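Subject: Handing over a structure

Hello,

Here is the structure I promised to pass on to you.

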Amino acid sequence: GFASANGNSSSETFNGKLRLRYNEGDWIHSMDLFGLRSSAEYTRTLDDGSSQRFRQTTAYRYSAAAASGLQLGEHRQLTANARYERDDFATYDRQGSFSLGYGTRLIDADRLLLDAQLGPGVRRTHEAETDQTRTGLIGRSQLDLRYRITDNTALSNNLLVEAGSYNTFAQNDLGLSVSMNDRLALKAGWQARHNSDVADGKRKTDTLTTVNLVYTYK
C-alpha cells in the first residue's frame, strides 16, 4: 500500500507485507515480513521571520517472523516460532522472541476455521529511553480465524499474545478481502498493538488501518 500527498502539505506513507508458505511431507514452514514507513514535510517559521521546509519521519517499523511445524495428525502440530521487530517510535524499539508450542484446530466447518497455538518461550527487548535490555520467559498464544462470507469475500482475524513478567504484548490483525480473480484481491485491514508496560507519555495501544492490493502466487 502507498499514499502520497503534495501541495500545501506533503506526506508519504508506505506499508507492505510478504507471506511465504512451504509444505514438505509432514513439515510446514512459513515466513512473514512487514514494513511501515511514513514521513511528512512541513513549513516552520524561524526566529528571524523566514520560513523553511522540514521533512520528518513519523512512523518507521518493520518485523520478521518465521515458523516451522511438524504435523502430528490432520489438524495437530508441534511448532517452533521466532519473531523480531524494530519500531523507532515505541517504548521497546527492538523485540525478539522464540517459542515452542502445540497447535490444533478448534473449529473445522465449511466456511469457518479456527486454529490455536499455545506454548512457552523466551523474549529479549531493548527499551529506547533507558537503553535497557531485558530477557525473560513468556507464554505465547495465537488464535487464527478465517471465515468465508461468500465465494470471493473472506474475513480473517489473527490474535497474538506474548505475556511476560514485565510486559504483555498483544497484536490483533483483522482483515476483509475481496477476490477479483485467482491472483488479485483487495484487502482492508485494521491492526491493534498493545504493550502493558510503556514509558511515561507513551500510549499503550497503537492502531493501523490499511487498504492494499494483494497478489497471490502458487
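Predicted model: local features only at pLDDT ≥ 70, side-chain atom pairs only at ≥ 80, totals over all residues.

Residues are numbered from 1 along each chain as its sequence is written, and side-chain values use heavy atoms, with hydrogens and water left out.

The whole chain

The chain holds 12 strands and zero helices. Both kinds of element are DSSP runs numbered from the N terminus (helices are H or I with at least four residues, strands are E with at least two). The C-alpha trace spans about 75 × 45 × 25 Å along its principal axes. Of the 218 residues in the chain, 31% are buried; here buried means under 20% relative accessible area, exposed means over 50%, and partly exposed lies in between, with a 1.4 Å probe and protein chains only.

If you look at contacts (heavy atoms within 4.5 Å), 43% of those between residues at least 6 apart in sequence join residues at least 24 apart. Charged side chains come to 27 positive and 26 negative, and the centres of the two sets lie 2 Å apart. For that count, Lys and Arg are positive and Asp and Glu negative, with His and the chain ends not counted; each charge is placed at NZ of Lys, CZ of Arg, CG of Asp or CD of Glu.

The 12 strands make an open sheet with antiparallel pairing, in the order 1-2-3-4-5-6-7-8-9-10-11-12. Strand 1 (2–5) and strand 12 (205–215) are at the edges with a single partner strand each, so one side of each has no neighbour in the sheet. On average, neighbouring strands of this sheet are turned by 15° against each other, direction ignored. Those angles rest on axes fitted as lines to C-alpha atoms. Two strands are said to pair if DSSP finds at least two bridges between them.

Strand 4 (residues 51–71) pairs with strand 5 in the antiparallel sense over 11 bridges, and A64 stands opposite Y84 of strand 5. Strand 5 (residues 76–87) is also joined to strand 6 (residues 92–108) by 11 bridges, again antiparallel. Q77 has G103 in strand 6 as its bridge partner, and four residues separate strand 5 from strand 6 in their hairpin.

Two aspartates to look at

D87 belongs to strand 5 and counts as buried because its relative accessibility is 8%. Leaving aside residues up to four places away in sequence, D87 touches Y60, R61, Y92, D93 and R193.

Is D131 buried or exposed? D131 counts as exposed, at 58% relative accessibility. D131 sits in the loop between strand 7 and strand 8 (132–148). The phi of D131 is near 55°, a positive value in a residue other than glycine.

Enjoy exploring, and write back with any questions.

Best wishes

Key. Axes fitted to C-alpha atoms, helices over the stretch in contact; angles between N-to-C directions.
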